Amino acid sequence: MKLLFDQNLSHELVRRLADVCPASAHVRQAGLAQATDQQVWDYAKTQGFVLVSQDADFAELSRLRGSPPKLIWLRCGNTATTEVEKLLRRHAGLLNELGQNPRLDFIEIY
């Protein structure tokens with residue numbers, strides 16, 4: 001599964017999670033550091049990414065439009081990158097389910 005990390009998350013997550021989710025990227029690497037939510041959404045959709053964000057706006061877009069792209073909505077608040085990494089690793093099974101289940105559009109992780 002290719003993850004696209006939103007601006008509100010560290011670009012370090014790409015490297016830290018490369019063993020679990022290779023070919024992932026950060027919006028900054030994709031030239032989207034100053035992009036609107038809609039531009040990020042469209043990029044994730046056209047490039048086959050699962051979007052990872054803490055932004056409730058993306059959850060609303062997902063509810064309204066469905067997928068693609070699929071969304072991982074992190075509900076952990078402002079926390080250290082190490083904790084976000086642990087959270088995603090702890091829920092690796094759920095991430096795989098999202099990637100494989102065509103009826104799932106997004107998941108919330110606390």
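A search of the whole structure finds zero disulfides, a disulfide being a pair of cysteine sulfur atoms within 2.5 Å. The model is predicted, so local features need pLDDT of at least 70 and side-chain atom pairs count only at pLDDT 80 or more, while totals for chains, interfaces and linings use all residues. Residues are numbered from 1 along each chain as its sequence is written, and side-chain values use heavy atoms, with hydrogens and water left out.

**Exercise 1.** Determine which residues line the largest cavity.

*Solution.* Step 1: the lining comprises L3, L17, V20, C21, L88, R89 and L95. Step 2: by class, six are nonpolar, none is polar and one is charged (Ala, Val, Leu, Ile, Met, Phe, Trp, Tyr, Cys and Pro count as nonpolar, Asp, Glu, Lys and Arg as charged, the others, Gly among them, as polar).

**Exercise 2.** Describe the setting of A59.

*Solution.* Step 1: A59 lies in helix α3, residues 56-65 (a DSSP run of H or I, at least four residues, numbered from the N terminus). Step 2: its relative accessible area is 0%, so A59 is buried. Step 3: A59 touches L71 and W73, not counting residues up to four places away in sequence (heavy atoms within 4.5 Å).

Notes: Helix = DSSP H or I, 4+ residues; strand = E, 2+ residues; numbered from the N terminus. Buried < 20%, exposed > 50% of the residue type's maximum accessible area, 1.4 Å probe, protein only. 1 Å grid on protein atoms, 1.4 Å probe; cavity = no way out; pocket = protein on both sides within 12 Å on 5 of 7 lines; lining within 4 Å.
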